[in-house]
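Subject: Structure handover

Hello,

I am passing this structure on to you. Please look at the sequence and the model first; my notes follow below.

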Amino acid sequence: MGISRKEFVRNGAAVMTGHLTVAEVPAGQAIDYAASAHVESWLHHPAIGDPSWDTFEREARNPIHRGREPYWWPVNGTLFHDPVSHLWYAYVSVYPRGYWPPPPADVLILRESASGVWDEVGYVFGRNRPEYACGGGRVGAATDLHVAYADGKYHGVFGWCDPDNRRGGLGYAVSDRPDGPFHVRGGPIHDDAVRTPVMGRYVRAYASTLIKRKRDWIILHMMSTPGNAGGTWALFAMVGERPDGPYADPIPLLAPQLDLYHPPIAEFFPAFTRGGRVYAPATSVAMNRTYQSLFSAPIENAHHPHAWRIGRLGSMWHAEPHTWEAMGIWGQTIACVATREGILRALFAAKDRADVGGIGIARRPWSRSLRNGFVLSAPNAPAYAVLRRRAKAFRLRTAMRADGGLRVCWGCRGPLGPDHPYADSRPSSEMSRDRHELRLGGGRWSVVAISATGVETALATGELPLASHGTEISINQEDKRAVITLDGSLLWVGVCPARTGRIEIVADPASIVRVDRFLLTGAERSVEDDWLATEALSGAAAPTGEWKEVRSLKFRHGVGYETDAPGARAKWNVIGSRFTVWSPRDPAYGEAEALLDGTPVGRLDLRSDAPMPSAPVATFSAREGRHALTIVAKKGLVPCDTLTVASGI
């Protein structure tokens with residue numbers, strides 16, 4: 001849809017629309033925050049939302065595979081470009097709904113012809129499951145195959161589990177051809193039945209990538225809890241002299257339990273290589289799984305945790321309004337191959353509303369990862385694009401399109417964070433409080449004021465003009481009133497006192513919002529936000545039950561957590577330079593220790609002679625950037641409340 005250039009506002013000058021005078025814009029230069037130069041001016045968060053400037057384009061023949069009886073869930077695929085035949089292969093894990101009911105999962109091989117058509121070659125394992133994955137006359141699962149070519153052979157690592165999913169790990173198979181047959185060799189590379197938990201909780205190895213190095217082989221793989229029950233996920237490495245092993249014990253590389261900045265609730269797989277480096281994408285396991293991050297390390301040093309760096313946090317992927325991917329990307333993250341021609345080709349899994357999975361292919365130039373204009377995807381839950389700026393009196397001019405419901409919000413003061421700290425989380429309802437909203441959708445518009453307690457007051461409402469495309473929205477917030485136009489025509493003017501707060505875009509569930517222009521005048525180059533305790537428990541991957549939710553007005557936003565488990569951790573992964581810990585005090589409370597990026601910075605004595613409501617108990621400062629603020633329970637009952645983060649940007 002083309003964007004018309006209205007003359008409603010030009011160069012910040014006052015103009016007349018009927019009998020309405022639009023005031024001068026606030027002092028300062030208008031900045032287009034939809035331009036890719038401002039990608040880091042927005043919050044990128046696994047559960048809250050991820051506005052994306054990515055340049056991935058879907059390929060024309062998608063989907064290349066759809067789920068069918070009995071394997072309705074194709075997921076966790078890997079992409080392979082054969083250096084011998086120069087053909088492309090996809091090794092797609094296929095599962096029944098629910099993952100573990102019979103029949104056990106397998107791997108389907110797809111091959112792309114020279115004409116670009118993908119054909120099915122067959123299943124990798126079929127009846128030839130590894131002996132160690134079978135028992136009691138039943139066969140277990142063999143899945144998540146990743147293939148590497150070396151010395152004239154096609155070497156594969158895969159995940160396996162027994163029929164009851166009580167035992168599992170990694171295995172090795174080899175073939176003379178990329179389309180098989182693959183033959184399982186030796187015993188399991190990793191067997192969680194004979195392993196001691198790493199970091200006290202990581203047992204199940206799965207989702208592996210096999211890479212040949214100069215003198216050895218390295219497997220980058222995920223680890224999770226027994227039976228891959230989830231709750232915490234981390235990237236590990238194993239090193240061996242031969243592709244079939246034996247391999248040394250797993251080394252933790254990237255994990256939420258480390259006292260460093262790390263995006264919460266994310267799974268890796270598979271990794272890919274380019275130019276002497278290995279890249280490991282990770283995807284959110286929140287309700288909206290559009291958030292992707294990228295880590296990398298030199299291949300030869302990839303088994304060293306200190307070698308890993310953050311390449312990009314968010315803005316790597318966006319959803320499209322195709323019926324077969326209506327529920328967005330799911331399973332593991334995008335499976336990429338970097339070509340010699342400078343293209344990054346990616347395989348991804350998606351699901352439709354009938355819970356049937358599909359496999360698609362996308363591509364982008366390696367050298368151009370961002371474009372101007374962003375997409376906010378909300379396939380399964382609301383998604384927030386949060387501008388990391390504060391504004392009071394301002395003028396906003398946008399050009400955007402929405403497939404579904406859309407909200408433009410200002411004066412936003414609600415705390416940030418997920419609704420709970422575990423998988424399938426969504427933005428907390430606390431975020432939708434203490435703000436003004438322009439709502440568009442269902443053929444209607446409304447302007448709503450929402451109090452800090454969540455009480456909504458409709459300031460105006462009406463039907464959208466039939467001729468309106470809803471592409472251009474202008475909001476002029478003056479000291480005492482707001483003026484809103486839609487596609488150059490006045491929509492509403494009324495009493496709306498200015499208040500300092502964030503500006504946000506919200507995509508309603510099952511919506512996709514495309515923002516081509518976001519011109520803002522009057523924003524401050526600073527921000528100060530409250531982050532909820534749910535963010536801290538998610539950031540530390542706190543085990544279920546370790547912290548107890550408590551709803552009480554003694555907490556800053558009416559809800560917090562308490563624990564009596566010594567060593568229990570809560571970690572906020574945030575961006576800023578000043579961090580203020582809020583907490584109630586109580587005769588029943590004890591002590592905690594605060595760490596900033598792993599360095600102890602203070603002891604928090606939370607005991608008092610009488611109950612005291614939440615208040616600042618400590619403030620820490622650091623250079624502007626990404627930081628991890630960790631609270632560790634040391635003595636007695638310890639609360640987790642709110643962290644206020646200030647950023648000078």
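In these notes, two residues are in contact when they have heavy atoms within 4.5 Å of each other. Please keep in mind that this is a predicted model.

Ser208

Ser208 lies in strand E18, which covers residues 204-212. With residues up to four places away in sequence left out, Ser208 touches His146, Val157, Phe158, Leu170, Ile219, Leu220, His221 and Phe269. Ser208 counts as buried, because its relative accessibility is 1% and the cut-off for buried is under 20%.

The sheet of E43, E44 and E49

An open sheet is made of 3 strands in the order E43-E44-E49, with antiparallel pairing. Strands E43 (548-551) and E49 (638-640) each have a single partner strand and stand at the edges, so one side of each has no neighbour in the sheet. On average, and with direction ignored, neighbouring strands of this sheet are turned by 35 degrees against each other.

Strand E44 comprises residues 559-563 and is joined to E49 by 3 bridges, the two running antiparallel. Opposite Tyr561 stands Cys640, which belongs to E49.

Glu562

Glu562 is part of strand E44. Is Glu562 buried or exposed? Its relative accessible area is 13%, so Glu562 is buried. The side chain of Glu562 makes a polar contact with the side chain of Lys554 at 3.1 Å, and another with the side chain of Tyr589 at 2.5 Å. Apart from neighbours within four places in sequence, the residues in contact with Glu562 are Glu546, Trp547, Lys548, Val550, Lys554, Phe555, Tyr589, Leu637, Val638 and Pro639.

Cysteines

How many disulfides does the model have? The count is 0.

Cys161 is buried, with a relative accessible area of 2%.

For Cys409, the closest cysteine sulfur belongs to Cys412; at 5.0 Å, that sulfur is also too far for a bond. Cys409 has a relative accessible area of 0% and is therefore buried.

Those are my notes on this structure.

Regards

Technical notes: Residues are numbered from 1 along each chain as its sequence is written. This is a predicted model: local features need pLDDT of at least 70, side-chain atom pairs count only at pLDDT 80 or more; totals for chains, interfaces and linings use all residues. Side-chain values use heavy atoms; hydrogens and water are left out. A disulfide is a pair of cysteine sulfur atoms within 2.5 Å. Buried means under 20% relative accessible area, exposed over 50%, partly exposed in between (1.4 Å probe, protein chains only). Two strands pair if DSSP finds at least two bridges between them. Helices (H or I, at least four residues) and strands (E, at least two) are DSSP runs, numbered from the N terminus. Axes are lines fitted to C-alpha atoms, for helices over the stretch in contact, and angles run from 0 to 180 degrees between N-to-C directions. A polar contact is a pair of N or O atoms within 3.5 Å; within protein, one must be able to donate a hydrogen and the other to accept it, and residues adjacent in sequence count only if both atoms are side-chain atoms.
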